[in-house]
Amino acid sequence: MTASAMTFPAPDRRALSDFRALAGRIDGNGPRYTSYPTADRFRNDPDLSLYHDALADCRADAPAPLSLYLHIPFCENICYYCGCNKIITRDHGRSARYVSYLGREMALVADRLGTRREVIQSHWGGGTPTFLDPDEMRRVMALLNEHFALTADGEHAIEIDPRRVDHARMALLAELGFNRVSLGVQDFDAEVQQAIHRIQPFEETRAVVDAARALGFRSVSLDLIYGLPHQTAARFGHTIGQVLALRPDRLSVYSYAHLPHVFKPQRRIDESALPPAGEKLDILVSTIERLTAEGYVYIGMDHFALPDDDLAVAQREGRLQRNFQGYSTHAGYDQVGLGISAIGAIAGRYVQNARTLDAYYGALDQGRLPLARGVAMNADDHLRREIIGDLMCNGILDLPAIEARHGIDFSRAFSAELADLGRLSEDGLVQCEPGRITVTPLGRLLVRRVAMVFDRYLREDAARRADNGAQAANDGAQPIRIVPRYSRVV
Ligand code: SF4
């Protein structure tokens, strides 16, 4: 922990004004770096050696506690903006089958881990985990506790759709051991809700938040999205006012990426109703101003938290990390992923399950782990993951500390990166001093751009494109315009 990490400054009025001025010139989009290498770099692992080796090393690491992610893919209705891996169905018979296969997967993983390992953090995501009926939820929790030991004082979170739960269901979640809930909201404006096919009155959401408070949940988190059809800074400001009345412990305000060629449901969104780039920027800037003025800590990228929330405390203490749920206080533990498309991070490997039910069920029917792809990190990946994590979580690189930990000469190992950082420094995104690199308040708003400097895979892509361009120019051909792969949300 460093003193500077404890005082990672929030974007102030000047930074927000500089951000507006720079937005047209610097593309702030890029990978979210919930993993490094990013998931688009994972490769097929047909003989499962990657997963088997990861679980063997994790077994040797016992009794270190684990983190766990469980994916429930089903939803009853489609939200047009959605980019999640989900299955739209009203047939609840499908979830009964899924639950039984989850049990098979847990048994295979637990068998390789050898003991009933302690789970200090768990997260059910989707899809809509509350698609499961009460008996199915009890069954999944019983299976988890049969194969793992979920600690009573750990962090156990579930994503819920406020349209699908009532007080009784919230009471069941508390009884099952969940102590954190994350609610999808997006926007309370009726016209926006109509346009995205997600009708969710404010009162319905408030009832769920009230129930969570009454039942003693430790943390309530709300998810919003800006850049949706019909949104303006003024209208979204009204939603923010309603959200502030609920006083969630954490808030995520995601940017909507309209990619109808990638996400089919987005084809039903009226493009002409999307806010223009300038308006979208106004929504973001006014939201950051308002939330920070109301006492929320800007954690980074799209995340805000109350000052006494664990995330804000961890950031003040320099302990914040990135994992697949975004910012986390428990990212140092091996994470097991269960269910379709779930990603695990185990013993220096990333492993991702099959994305379709057929492939997932097929593998488990053969008694195989349902792995689709993954990657084993090398020493360079570990180093760069640490650097990217430090930039995104704490806003500072302590160069002598990195050199000592990894046995490198930073300026030699990263001479090209330092040259690129020099250019970002001219734009005011970072400050480069002897022995340290600091992300400025302006840089926090474009931190993905700063992190991308250290992404070896993006650098190699760029070098290849430059080579191809030079070759094409020599041949007299027009260079091919390649859409940067980081324009996708990864
Ligand atoms: S946004 Fe959530 S509830 Fe809506 S379709 Fe996607 S996963 Fe399902």
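Begin by selecting Cys75, Cys79 and Cys82, which an unreviewed UniProt entry annotates as "binding site". UniProt positions follow the numbering used here, feature names are shortened, and annotations may be inferred rather than shown by experiment. The model is predicted: local features need pLDDT of at least 70, side-chain atom pairs count only at pLDDT 80 or more, and totals for chains, interfaces and linings use all residues. Residues are numbered from 1 along each chain as its sequence is written.

**The annotated cysteines**

Centre the view on Cys75, which sits in strand E3 (residues 74-75). Helices (H or I, at least four residues) and strands (E, at least two) are DSSP runs numbered from the N terminus. Cys75 is buried because 20 other C-beta atoms lie within 10 Å. The classification calls a residue buried at 20 or more other C-beta atoms within 10 Å of its own, exposed at 12 or fewer, and partly exposed in between, with C-beta atoms placed from the backbone. Next, display the contacts of Cys75: beyond residues up to four places away in sequence, they are Lys86, Ile88, Gly127, Thr128 and Phe131. A contact requires that the C-beta atoms of two residues, placed from the backbone, lie within 7 Å.

Move on to Cys82, located in the loop between E3 and strand E4 (87-88). Cys82 counts as partly exposed because it has 19 C-beta neighbours inside 10 Å. With residues up to four places away in sequence not counted, Cys82 touches Phe263 and Pro265.

**The ligand shell**

Now select the ligand and the residues around it: Cys75, Ile78, Cys79, Cys82, Cys84, Lys86, Gly126, Gly127, Thr128, Asp161 and Gly184. Membership requires a C-beta atom, placed from the backbone, within 6 Å of the molecule. Coloured by class, this shell shows five nonpolar, four polar and two charged residues. Here Ala, Val, Leu, Ile, Met, Phe, Trp, Tyr, Cys and Pro count as nonpolar, Asp, Glu, Lys and Arg as charged, and the others, Gly among them, as polar.

**Further annotated positions**

The unreviewed UniProt entry also lists Tyr69, Gly126, Glu159 and Ile343 under "binding site". Select Gly126, which belongs to strand E5 (residues 118-126) and to the residues around the ligand. Gly126 is buried, since 24 other C-beta atoms lie within 10 Å. Leaving aside neighbours within four places in sequence, Gly126 contacts His71, Ile72, Pro73, Cys84, Lys86 and Glu159.

Then select Tyr69 in strand E2 (residues 66-72). Tyr69 counts as buried, as 22 C-beta neighbours lie inside 10 Å. Outside four places in sequence, the contacts of Tyr69 are His123, Gly125, Phe324, Gln335, Gly337 and Ala342.

**The two domains**

Colour domain 1 (4-8 + 379-472) and domain 2 (38-346) separately; these bounds come from an automatic or database domain assignment. Their centres, taken over C-alpha atoms, are 29 Å apart. Ten residues from domain 1 and eleven residues from domain 2 take part in the contact. On the side of domain 1 that touches domain 2, helix H1 (3-6) and helix H13 (379-393) each supply at least two residues, and H13 gives the most, with three residues. By class, that side of domain 1 has seven nonpolar, two polar and one charged residues.

**The whole chain**

Of the 490 residues, 43% count as buried.
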